[in-house]
Each structure stands twice: as C-alpha cells, then as structure tokens.
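Subject: Model for your files, with notes on the sheet

Dear colleague,

I am handing over the structure below, followed by some notes on what was found in it. Please read them alongside the coordinates.

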Amino acid sequence: MNVILADKLFADKNMLNSIHIGEQNALTLDFKHVKDFNLNNIYALLDLQKIALFNNVELNIQNTTPAVNKILFETGIYKTLNGYSTNPILASKRLNFS
C-alpha cells in the first residue's frame, strides 16, 4: 500500500502528477502531521480522490484529527473514502446539536 503524507500533498499539489499507484491498487493518505485543514486542502483531497476513482484504486485515510473529521463529515466527503469509520449513532445527528 502506498502511503502519501497529507501535509506534503497539501504543500505541493504538483505531487499528484508523480503518484505511483503500483500493483496493490490502494493508496493511503496519512494526516498525522496536518494541523490546519482548509478549502485548498479539500481541493487537493478531491483531486487525489479523482485519480483514485479513475484508476480503480481504493483510497484510505488514517490519523485524522477531530477538526479534520468534522470537516470531512460536514462536507460529506467521508462517505466516499474507505477506512473512515464513524460512530453510527453520532453520524445520524446533526453537528450543530452534538
């Protein structure tokens, strides 16, 4: 499984042009060094997701912070990512009331 560090991807979006998928057909985006998650980072994540979708590759995420989880949940992006687990009870609630 190829692991891509999210902070490096967000810092250099041209990194998408050099991604090697390999034979495992799986990519992992590691958020362990991500402190700030903004709109430009969402665009980079969506671009990576397009590459994975067009190449029939499973895209997993790991080591997300609560702030990143909140943004992924509010935007609905978490539904299209593998390896993203939510508490089914909390997922049914609206974030404004939780």
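Both faces of strand 2 are covered, since Ala26, Thr28 and Asp30 on one side and Leu27 and Leu29 on the other are all buried, where buried means under 20% relative accessible area, exposed over 50% and partly exposed in between, with a 1.4 Å probe and protein chains only. This is a predicted model, in which local features need pLDDT of at least 70 and side-chain atom pairs count only at pLDDT 80 or more, while totals for chains, interfaces and linings use all residues. Residues are numbered from 1 along each chain as its sequence is written, and side-chain values use heavy atoms, with hydrogens and water left out.

Helices (H or I, at least four residues) and strands (E, at least two) are DSSP runs numbered from the N terminus, and two strands pair if DSSP finds at least two bridges between them. On that basis there is an open sheet of three strands in the order 1-2-3, with parallel pairing; strand 1 (2-5) and strand 3 (58-62) are the edge strands, each pairing on one side only.

Strand 1 is joined to strand 2 by four bridges, with Val3 opposite Thr28, whereas five bridges join strand 2 (residues 26-30) to strand 3, where Leu27 has Leu59 as its bridge partner and Asp30 stands opposite Gln62.

Leu59 is also touched by Gln49, which contacts Thr80 and Leu81 as well, not counting residues up to four places away in sequence (contact means heavy atoms within 4.5 Å). Gln49 lies in helix 2 (residues 39-54) and counts as buried because its relative accessibility is 16%.

Best regards
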